[in-house]
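Let's sit down with a structure and learn to read it piece by piece.

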Amino acid sequence: MSTLIRCLKYAVGRAFVGIAAGIAGAAVAIYVAEISTNRCRGAFGAFFGIFLNIAILIAQLCGRYMSFSYVWRFLWAIPAIISVVQIGLIFTIVETPRRLCASQQNDKARASLSKLRNYGDIEEEFESIVEARRQEMDLKMISMWDIIRVQSRRITWNAFVLIVIQSYNQIGGIGPMSVYSVGFLAKAFGGDNELATNVVLAQAGANIVATFIALGLVKWLGRKGCMMLSTMGMTIGSVFLVVGGALEDPTRLAPLIITGAILFSFTYCLGCAIVPWMIAPELLPLQALPAGSAMGNASNWLFNYLINTLWPLIDAGLNNYSFCLFAGINFVGFVFMTFAMSETAGKDIDRRDSMDNSGAGDLEITPVGSIRNEKIEKVEL
C-alpha cells in the first residue's frame, strides 16, 4: 500500500490487511489460552491488549508527525518490515501441546510442554492433556449449524454469550473513539485540533497503563467483573462526552470532555479490550471451540465494520449527542454481563464434554483430573 497511487488498489490492500488481522486475532487468542496454565491464562491474555495498545500509541505518534505528502507512505512500510520480522520469529515458537496430542504426536507434545514450562515437572499436566484428547476423539465436532439449531442448549447459550462478549470489543464505540476521535473531539472543543490530538495521545498512554492494571484485575475481579467494570465505565464516559459537548460553548466544559474521553478508553482496556480474546476456550467445550470462536470473531469484525462505516452518518445526524447511542449500548452490555455472563476465571479447559443423544440436552462436564482420580481409586479397590 505504500507504493500504490489508485484508491481501488489501496482498498484491496486494506482488505488483505483486514483478513490477516482477523486470522491473527483469533489464532493468537487461542494459542495463548492453550499454552497457558489455568492460573496465568488471564494475565497472559492481557498481554495481547498491552501490545495492541502499544502499537496503537506508536501508530498515532507516527500519524501525527508523518501525515503529509509522500512521507505517509512510510507509515505502511513500517508494518511491512515488522511483518517480515514476525515471519522469521514465528519459526522459534513451539506448537501447542494440545494440538500435537490431537494429531497423536505425543512425544512432540511432551517436548513442547516441557519447553513451555521451563523443563519443570509436567507429568500431571501432560497426562491431563493426553486424557482430554483421548476423550475428544470419541466426540463429534460441533459445527456452526449445530450451534444455531440448538443441538445442545448449554453450548448454544454459551456461544451466544461469547458472541455478545466479542461484539462488545467493538460495538461500545471504541472504533469512533480511536479512528475518528481527533475530528470528534476537535468539534467538541470548538475546532481546536491541537488540543484534540493531545487528548488522543493521552488516551493512548492511558490505555497502556489501564491494560497493565488489567493484568491484576482480571484475576482479582474475574472475567465477569472486568466486563461489568468496563461497560459501566464506558457508559459514564459517554455521558460525560454528551454533557460536555451539549453546551453552545463546549470549551466551558472542556475538562469534562477530556475526562469522559480518557475514562471511556481507560475502562475499555480494563475489560472489553482483553476479555473477549481469552474467553472462548473457557466458555466452550473443545469440540465446539472452532465453530464458536469463528462466530464470535465474526461478530467482532461485523460490528467493527458497521460502527466505523455508519459513524460519519451518526455524527452528522446527532452531532455532539452522538455518544448517547453508545451510552445506551454500553449500559445494556453492563446489564447483560451482570445477569447472563458466568465467571470462568481459573476454569480447566481440559475437561470432558459430551452431549446427550436427544439433540437438546445440556453439556455434561467432568474435569479430566476427576476422571483420572476415579480410575486410580478403582484400581486401588
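Q: Let's start with the rings. How many aromatic pairs does the structure hold?

A: This is a predicted model, so keep that in mind throughout. The structure holds 7 aromatic pairs.

Q: How do I describe one of those pairs?

A: You give the distance of the ring centres and the angle of the planes. Take W311 and F323 here: their centres are 5.6 Å apart, with 70 degrees between the planes, and that makes an edge-to-face pair.

Q: Which helices do W311 and F323 lie in?

A: W311 belongs to helix α16 (residues 289-318), while F323 belongs to helix α17 (residues 323-339), so the pair ties together parts that are 12 residues apart in sequence.

Q: Is W311 buried or exposed? And F323, buried or exposed?

A: Buried means under 20% relative accessible area. W311 has 2% relative accessibility, so W311 counts as buried. F323 is buried as well, with a relative accessible area of 1%.

Q: Which residues do ring pairs link into a cluster?

A: Look for F264, W311, F323 and F326, which ring pairs join into a cluster.

Q: Let's zoom out. How many helices and strands does the protein chain have?

A: Count 18 helices and 2 strands in the protein chain. Of its 381 residues, 46% are buried.

Q: With helices to look at, how do I describe two that are packed together?

A: Use the angle between their axes and the distance between the axes. The crossing of α11 past α13 is right-handed.

Q: Which residues in α11 meet which residues in α13?

A: On the α11 side you'll find, among them, L195, V199, A202, A206 and L217, and on the α13 side, residues including I258, A261, I262, F266 and L270. Sorted by class, this contact of α11 with α13 has 15 nonpolar, 4 polar and no charged residues.

Q: What about helix α12 and α13: at what angle do the axes cross?

A: Helix α12 (residues 222-245) and α13 cross at roughly 165 degrees, and their axes come within 7 Å. The two helices are therefore roughly antiparallel to each other. This time α12 passes α13 in a left-handed crossing. The contact of α12 with α13 has 14 nonpolar, 9 polar and no charged residues.

Q: I54 and I208 are 154 residues apart in sequence, so how far apart are they in space, C-alpha to C-alpha?

A: I54 and I208 are 6.4 Å apart, C-alpha to C-alpha. I54 lies in helix α2 (residues 41-66) and is partly exposed, with a relative accessible area of 29%.

Q: Where does M341 lie, and which residues does M341 touch?

A: M341 sits in the loop between α17 and β1 (351-354). With a relative accessible area of 3%, M341 is buried. Residues that M341 touches, not counting those up to four places away in sequence, include V161, I165, R223, M227 and F336. M341 and I165 are 176 residues apart along the chain, with 8.7 Å between their C-alpha atoms.

Q: One last feature: what should I know about phi?

A: Most residues other than glycine have a negative phi. Here V150, which is not a glycine, has a positive phi of about 55 degrees. You'll find V150 in the loop between α7 (144-148) and α8 (153-167), where V150 counts as partly exposed at 34% relative accessibility. N319 is not a glycine either, and has a positive phi of about 55 degrees. The place to look for N319 is the loop between α16 and α17, and at 39% relative accessibility N319 counts as partly exposed.

Methods: Residues are numbered from 1 along each chain as its sequence is written. This is a predicted model: local features need pLDDT of at least 70, side-chain atom pairs count only at pLDDT 80 or more; totals for chains, interfaces and linings use all residues. Side-chain values use heavy atoms; hydrogens and water are left out. A crossing is left-handed if the near helix is turned anticlockwise from the far one by less than a right angle, and right-handed if clockwise. Helices (H or I, at least four residues) and strands (E, at least two) are DSSP runs, numbered from the N terminus. Contact means heavy atoms within 4.5 Å. Ala, Val, Leu, Ile, Met, Phe, Trp, Tyr, Cys and Pro count as nonpolar, Asp, Glu, Lys and Arg as charged, and the others, Gly among them, as polar. Rings of Phe, Tyr and Trp (its six-membered ring) pair if their centres lie within 6.5 Å; planes under 30 degrees apart count as stacked, over 60 as edge-to-face and the rest as tilted. Buried means under 20% relative accessible area, exposed over 50%, partly exposed in between (1.4 Å probe, protein chains only). Axes are lines fitted to C-alpha atoms, for helices over the stretch in contact, and angles run from 0 to 180 degrees between N-to-C directions. Angles under 35 degrees count as roughly parallel, over 145 as roughly antiparallel, 65 to 115 as roughly perpendicular and the rest as oblique.
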